[in-house]
Number of protein chains: 2
Amino acid sequence: MERDRQALEIAVAATDSAVHKVEAPPPTTSLEKMKTRVKETFFPDDPFRHFKGQPPRRKCVLGLRYLFPVLDWLPYYNLSFFKSDLIAGLTIASLAIPQACMHAHDHNTHMYIYKKKLTHTSFVPPLVYSVLGSSRDLAVGPVSIASLIMGAMLRQAVNPNTDPNLFLQLAFTATLFAGVFQASLGILRLGFIIDFLSKATLVGFMAGAAIIVSLQQLKNLLGIVHFTKEMSVVPVMASVFHNVNEWSWQTVAMGIAFLGFLLVARYVGMKRPKLFWLSVGSPLASVIISTLIVFLVKAQNHGISIIGNLKCGLNSPSWNKLVFDKAYLSVVIKTGLTTGIISLTEGIASGRTFAALRGYQVDGNKEMMAIGLMNVVGSCTSCYVSTGAFSRSAVNHNAGCKTAMSNIVMALTVMITLLFLMPLFAYTPNVVLASIIIAAVIGLVDVPTAFQIWKLDKVDFVVCLSSFLGVIFISVQEGLAIAVGLSIFRILLQTTRPKIVELGNILGTNIYRDIHQYRDAKGVAGFLILAIEAPINFSNTTYLKERMTRWIEEEKSMNEKELDLQYVILDLSGVPTVDTSGISFLIDLKKTASKFDLELIFINPLGEVMEKLQRANKMQGFLGVNSLYLTIHEAVFSCTSFLAERKL
Amino acid sequence: MERDRQALEIAVAATDSAVHKVEAPPPTTSLEKMKTRVKETFFPDDPFRHFKGQPPRRKCVLGLRYLFPVLDWLPYYNLSFFKSDLIAGLTIASLAIPQACMHAHDHNTHMYIYKKKLTHTSFVPPLVYSVLGSSRDLAVGPVSIASLIMGAMLRQAVNPNTDPNLFLQLAFTATLFAGVFQASLGILRLGFIIDFLSKATLVGFMAGAAIIVSLQQLKNLLGIVHFTKEMSVVPVMASVFHNVNEWSWQTVAMGIAFLGFLLVARYVGMKRPKLFWLSVGSPLASVIISTLIVFLVKAQNHGISIIGNLKCGLNSPSWNKLVFDKAYLSVVIKTGLTTGIISLTEGIASGRTFAALRGYQVDGNKEMMAIGLMNVVGSCTSCYVSTGAFSRSAVNHNAGCKTAMSNIVMALTVMITLLFLMPLFAYTPNVVLASIIIAAVIGLVDVPTAFQIWKLDKVDFVVCLSSFLGVIFISVQEGLAIAVGLSIFRILLQTTRPKIVELGNILGTNIYRDIHQYRDAKGVAGFLILAIEAPINFSNTTYLKERMTRWIEEEKSMNEKELDLQYVILDLSGVPTVDTSGISFLIDLKKTASKFDLELIFINPLGEVMEKLQRANKMQGFLGVNSLYLTIHEAVFSCTSFLAERKL
């Protein structure tokens with residue numbers, strides 16, 4: 001008979017068919033378990049493992065070096081390091097100077113209030129970071145996305161044109177909150193919160209933000225005077241085409257010429273790594289060339305708007321300017337949180353990327369403290385929120401920086417330039433700065449990665465797309481919230497609707513695998529072998545109950561089968577945890593099975609699951625003698641022999 | 001040498017050591033995959049499977065029976081069924097009548113406005129449910145918890161004492177929203193949303209709500225006249241002890257006597273199933289006895305307050321009373337949603353419990369539509385939100401009901417009683433009604449279950465406790481929200497910090513299991529065998545990367561080991577899904593391993609994971625020739641033979 005033949009085959013396949021006992025892990029107290037759990041949740045990197053067994057003096061040194069990573073490299077610093085850092089520092093300064101002008105150029109928007117502050121944002125935070133930060137490649141400074149969001153959010157509370165001073169104060173206060181938030185994430189070891197911004201979310205978000213920033217620059221690229229203050233695509237485009245009469249052909253021509261130059265330089269620099277200086281130097285070159293052109297042909301009289309005179313100098317400290325007024329507190333905190341988390345994500349991700357390239361470790365929680373403190377200090381010295389920008393760090397890395405000293409070089413260079421050479425930039429045309437912004441942010445639209453996401457995972461692509469569309473059509477914060485919400489919903493859905501897979505025996509072996517995945521895997525007559533691939537908890541027990549009952553019913557009603565269904569084998573190898581609802585589900589399932597005259601067998605419950613099964617069994621005694629096996633094979637083997645015996 | 005010996009042992013253990021190929025599931029289009037996914041998410045019960053392959057006429061009949069489950073039993077209804085249903089119906093009516101008085105008794109609180117409406121709430125909804133509902137045991141009517149929440153939430157918008165009519169209108173409107181929400185959950189097949197109220201949450205919530213309701217009744221139990229309107233423990237207790245001078249000893253004595261009687265009757269009824277009529281009949285008996293006592297001794301003149309005269313009659317339809325004013329819309333919708341989900345949870349859970357006891361199926365989504373429609377109809381006929389109450393359904397079930405006909409019997413009995421016998425209840429003392437309420441809700445404090453939860457799962461107990469404390473100290477909605485939030489956070493945390501387990505070989509077999517769980521499982525020299533027990537996605541890749549790197553580093557630095565670490569084997573059997581971040585993680589891990597001169601081997605990727613690995617491999621080619629094995633044993637076996645060969 002079919003069953004006997006199969007039993008024989010299985011018996012032959014298994015020379016090791018001695019039945020093994022399923023064990024529970026050695027007993028531990030709840031307190032110990034909680035300790036392990038807390039450690040794994042908050043200290044997965046075990047930051048103090050190097051301290052263990054060291055003499056107190058050594059511990060002290062290690063502690064100082066933990067708090068101030070500068071001590072890791074400063075004692076060993078030498079001239080050859082400095083040469084590399086000098087070159088890298090000057091290179092990133094050449095990027096920072098046009099960017100500083102960029103932020104300063106827009107007299108009529110919210111950006112304008114920052115004009116005198118930029119010296120500092122490029123100055124104080126890099127100095128703080130070089131002492132506290134553990135990344136060697138991160139180039140610190142303001143990033144366009146974070147400043148964009150800050151401007152947009154604060155404008156909801158105060159008009160920067162009518163009340164620039166209040167606006168400025170709110171910006172400092174928001175920076176303070178951003179810094180406090182970032183540092184506390186690090187201190188409370190809650191760094192995993194930024195992990196909820198998935199790659200797909202960030203790709204979509206960055207692309208959307210780049211489009212928004214570029215669209216804002218259409219004002220300068222086309223020379224439009226009356227421009228909307230809203231951010232999303234529809235009103236901006238309406239504003240562009242509503243004011244066609246204001247377009248200035250000289251401005252458009254100059255803008256397209258420089259944008260073309262910058263994009264070509266960027267493209268060449270990317271294609272030929274040896275020519276990367278071309279893409280790095282092009283923004284500064286554009287600023288110098290265009291300034292000269294304007295100065296020589298007096299283009300400001302021909303419809304091209306220029307930056308104009310900027311007074312620059314070292315600003316007084318700003319801690320007395322922080323505003324904690326009830327009327328603005330909520331908007332300031334919200335702004336701080338949003339910009340804080342965005343800039344933190346970019347900073348940490350950049351730091352990790354370059355650390356991985358060079359093979360050193362960056363401690364996420366420590367980085368958060370460094371970035372947070374840098375912003376707290378920044379907010380007291382007239383700086384707004386800054387972080388490690390990805391693009392600038394890439395340049396820093398390519399230019400061969402060795403330590404955080406390159407940040408110090410950059411800070412000093414930018415300060416000197418802006419302090420003493422700023423008047424020279426008075427003739428820089430706004431349209432060229434707009435081109436530089438567009439050329440910089442357009443690189444954030446990462447089509448190949450989006451395509452890869454589409455290829456690999458359609459749901460991730462939906463997350464990516466909704467993040468993108470949310471940012472450009474609704475708003476920056478809401479777009480981000482939608483994408484994060486979708487990602488979390490997806491995780492919950494995966495738990496709520498776990499996979500149940502039917503397994504079959506791969507003939508001639510004792511291996512059992514998904515019968516839909518492996519053509520060689522065949523169901524064993526008389527057995528229904530199922531595997532659940534998720535934690536069993538309150539969110540899915542109802543589903544599992546319905547689905548399993550339906551499965552058993554369907555299997556029972558298949559009359560073509562010669563043999564009756566006798567055993568349901570449930571492989572728990574893929575169930576990492578159960579909760580009380582999960583245990584109730586397993587008990588109920590056992591009852592349902594016996595109502596159908598079936599025996600339910602559990603295979604390989606993992607540590608925690610086994611422990612809870614045992615405890616529940618002590619209370620309610622639902623497990624039979626042969627309800628637990630270590631492997632499917634052992635279960636099938638002993639049940640088959642039992643049936644064969646009974647028949648004889 | 002050690003390794004050779006071990007290799008030999010493994011070779012002996014494995015007679016079936018032919019290496020098997022890892023296969024991907026047969027290719028399907030994204031559309032098909034999406035279809036399967038949508039089906040599993042929204043139609044796990046496959047409601048149309050009975051329709052397949054039927055002639056059109058039969059399909060029509062099946063469709064009607066699907067929509068109106070009454071057609072399932074009405075054609076076969078007979079006298080013996082009716083006898084059973086009559087007895088059950090009268091029994092639950094005897095519970096509903098005092099409850100109706102209960103709701104009507106409190107002149108000075110929000111409940112008072114319902115007094116004339118109760119005829120209907122016990123009348124129309126049961127009739128609707130008996131046509132649409134698929135449970136045979138559910139006894140439909142108002143439930144104390146839902147009415148409590150509705151009253152509490154609406155009082156935030158309008159004062160029931162100064163504007164009782166508006167309050168009444170808002171209550172109907174909230175009921176309408178509750179019904180629409182419930183029905184749409186069913187129609188959109190989003191029934192799984194109520195699964196997020198876990199058993200632990202509900203145990204805590206019910207206990208908390210029972211305490212709150214009981215505390216409210218202290219007013220009547222102690223005979224206090226001036227009582228607070230707030231709900232949470234602190235102000236209520238303050239109010240009780242602030243008004244000690246108002247306590248009436250006659251009232252207290254009567255209250256304690258009847259409360260004692262009710263509790264003893266309940267206890268006896270529970271202990272001896274044959275005497276269950278004692279607990280069922282005791283409320284009605286208390287009402288009759290106390291009313292007689294008051295009437296005979298004229299107790300209303302001795303400090304015992306009575307219900308007084310109630311005018312009762314059939315109310316006009318109320319659809320013209322629904323209020324969609326902007327000022328109240330938000331509070332009404334919020335109230336509808338909260339009471340809707342609470343009453344739905346109780347209704348569905350009760351229905352499922354009794355269906356399981358009798359061995360029939362209740363379709364969750366269909367039940368939602370039935371309960372939702374019942375409330376929509378209710379809101380148009382002067383009823384407030386009603387559902388299937390657990391306690392009353394238990395009585396119905398115990399009394400031997402056969403079909404939903406018992407609901408019709410109950411509805412008619414209650415209506416007749418309240419229409420014609422209401423004046424008899426004028427002398428019913430409020431204190432007895434308070435005792436009935438307390439005795440009823442105190443049964444919701446389920447200490448044994450809470451203790452079981454504590455025994456089984458400490459985190460679940462925390463959820464339960466926070467739900468309980470939140471309800472009694474903060475507010476009903478917030479307590480519930482905290483508990484649900486905690487439960488969801490727990491699921492997310494499990495995904496964010498997945499378990500990584502080190503596996504070892506159980507000597508003499510080809511089985512590999514957790515070395516912490518199985519004492520017989522021993523690590524294999526030269527191999528690090530790890531298993532990840534969770535989906536790999538954006539929320540945990542950072543953690544996994546850090547944790548795995550640390551694990552490899554630690555293993556490498558253990559110098560006691562005679563043999564170098566050569567292979568890292570990653571068992572993916574417990575990884576049901578990956579997303580794009582997960583794939584990047586696996587690729588990165590492969591790179592990290594080769595940086596340490598290690599070979600990384602993946603074991604048994606499941607269907608979806610295998611598919612994505614293949615697709616990523618096509619794009620980036622990171623998998624080597626021997627990177628994939630079907631079982632750990634096969635991988636260990638071939639790597640060991642490879643090493644042995646190389647040595648020769």
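Copies are superposed by least squares on the C-alpha atoms of residues with pLDDT of at least 70 in both. The structure is a predicted model, in which local features need pLDDT of at least 70 and side-chain atom pairs count only at pLDDT 80 or more, whereas totals for chains, interfaces and linings use all residues. Residues are numbered from 1 along each chain as its sequence is written, and chains are lettered from A and ligands numbered from 1 in the order in which they are written.

Chain B is brought onto chain A by a rotation of 180° with 0.0 Å of shift along the axis, at an RMSD of 0.1 Å. The two copies are therefore related as by a two-fold rotation axis. Within chain B, B:Gly574 has the C-alpha nearest this axis, at 2.3 Å from it. With residues taken to be in contact if their C-beta atoms, placed from the backbone, lie within 7 Å, 100% of the contact residues of chain B recur in chain A, and the same surface thus serves both copies.

The interface comprises 74 residues of chain B in contact with 74 residues of chain A. Helices (H or I, at least four residues) and strands (E, at least two) are DSSP runs, numbered from the N terminus. On the side of chain B that touches chain A, at least two residues each are supplied by several helices of chain B, among them α2 (30-42), α10, α19 (447-456), α20 (458-474) and α22 (541-557). The largest share, eight residues, comes from α21(B). By class, this side of chain B has 25 nonpolar residues (Ala, Val, Leu, Ile, Met, Phe, Trp, Tyr, Cys and Pro), 22 charged residues (Asp, Glu, Lys and Arg) and 27 polar residues (the others, Gly among them).

Chain A is divided into domain 1 (2-24 + 497-647) and domain 2 (78-492), with bounds that come from an automatic or database domain assignment. The C-alpha centres of these two domains of chain A lie 57 Å apart.

Most residues other than glycine have a negative phi. In B:Arg189, phi is positive, near 60°; this residue is placed in the loop between α9 (164-187) and α10 (199-222) of chain B. B:Asp597 likewise has a positive phi, of about 60°, although it is not a glycine, and lies in the loop between α23 (580-595) and β8 (599-603) of chain B. A residue is buried if 20 or more other C-beta atoms, placed from the backbone, lie within 10 Å of its own, exposed if 12 or fewer, and partly exposed in between. B:Arg189 has 17 other C-beta atoms within 10 Å and is therefore partly exposed, whereas B:Asp597 has 10 and is therefore exposed.

Definitions and conventions
Two residues are in contact if their C-beta atoms, placed from the backbone, lie within 7 Å.
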